[in-house]
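Work through the exercises below with the sequence and the 3D view at hand. Try each task before reading its solution.

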Amino acid sequence: MVVIDNVSRCFSIDGGKTRVRALNNVSNHIGRGEVVVIIGPSGSGKSTLLRTLNGLESIDEGSITIDGVSLSDKKTCMNKLRTEVGMVFQHFNLFENKTCLENIVLPQVVVLKRDRKEAEKVARQLLEKVGIPDREKNYPRQLSGGQQQRVAIARALAMQPKMMLFDEATSALDPETVSGVLNLMKQLARDGMTMAVVTHEMGFAREVADRVIFMDGGEIVEEGNPDAFFDSPQSSRARQFLEQII
């Protein structure tokens, strides 16, 4: 489904005086229906890697191919690709002046050119799926953080993506609402959705991931199945990281 080949990404800081290598020759893959969880310390490059997978971050070197489509090919329509690779962020990015229903309907009508009645039907089905069917007329300010994140997930799913990216989707939520969003993500995994997830929720990673990737310094330091990684990490850096957070 996804092939990442020797990808590098650099940023300029200090007014362009210093170049920071956020990704350094990263190579990996994600199989169709696979759930890959990416963990690591802040600044390790994990969110940058995730954002390159739908073109929100450009790459300086290497290549990324998603379902046979190269992100580097000038003929690739990035707007179309982003409908096929849904992304859920730490912050919900909902339209504050639109109801929950309208937040899910609008992208379908504008981007997919879907008939409004059909878009509303899809939106209501998805609000049911994410567990808040009674909130369709509410505005984001009338919802809890967990409910807003559920709307954001429903909005992404409305585009019928081939793959979902989650960038620390629960880190802005209070502890009481985290479990509900994680349970929704677990259900998506059980339904066979291809997923790449950046998270600090180690319990989720152990339970749901097919594979865990540990990053540090813009590189993939270690990867493996969850039990092997959490029970007996091979690298000293991964052991040090896990000792601090578990």
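Helix 3 (residues 100–110) includes V110. The model is a predicted one.

**Exercise 1.** Find the strand order in the open sheet of 4 strands and explain why strand 2 and strand 5 are edge strands.

Solution. The order is 2-1-4-5, with antiparallel pairing. Strand 2 (18–30) and strand 5 (69–70) each have a single partner strand, so one side of each has no neighbour in the sheet. Strand 1 (residues 2–13) pairs with strand 2 over 9 bridges. In one of these strands, strand 2, H29 is the bridge partner of V3.

**Exercise 2.** Classify the aromatic pair of F214 and F229, then the pair of F214 and F241.

Solution. The ring centres of F214 and F229 are 6.3 Å apart and the planes are at 35°, so this pair is tilted. F214 lies in strand 9 (residues 211–216) and F229 in helix 8 (residues 226–231), 15 residues apart in sequence. The pair of F214 and F241 is also tilted, with 5.2 Å centre to centre and 45° between the planes. Here F241 belongs to helix 9 (residues 236–245), 27 residues from F214. F214 is buried at 0% relative accessibility, and F241 is buried at 5%. One aromatic cluster contains F214, F229, F230 and F241.

Terms used
Residues are numbered from 1 along each chain as its sequence is written. This is a predicted model: local features need pLDDT of at least 70, side-chain atom pairs count only at pLDDT 80 or more; totals for chains, interfaces and linings use all residues. Side-chain values use heavy atoms; hydrogens and water are left out. Two strands pair if DSSP finds at least two bridges between them. Helices (H or I, at least four residues) and strands (E, at least two) are DSSP runs, numbered from the N terminus. Rings of Phe, Tyr and Trp (its six-membered ring) pair if their centres lie within 6.5 Å; planes under 30 degrees apart count as stacked, over 60 as edge-to-face and the rest as tilted. Buried means under 20% relative accessible area, exposed over 50%, partly exposed in between (1.4 Å probe, protein chains only).
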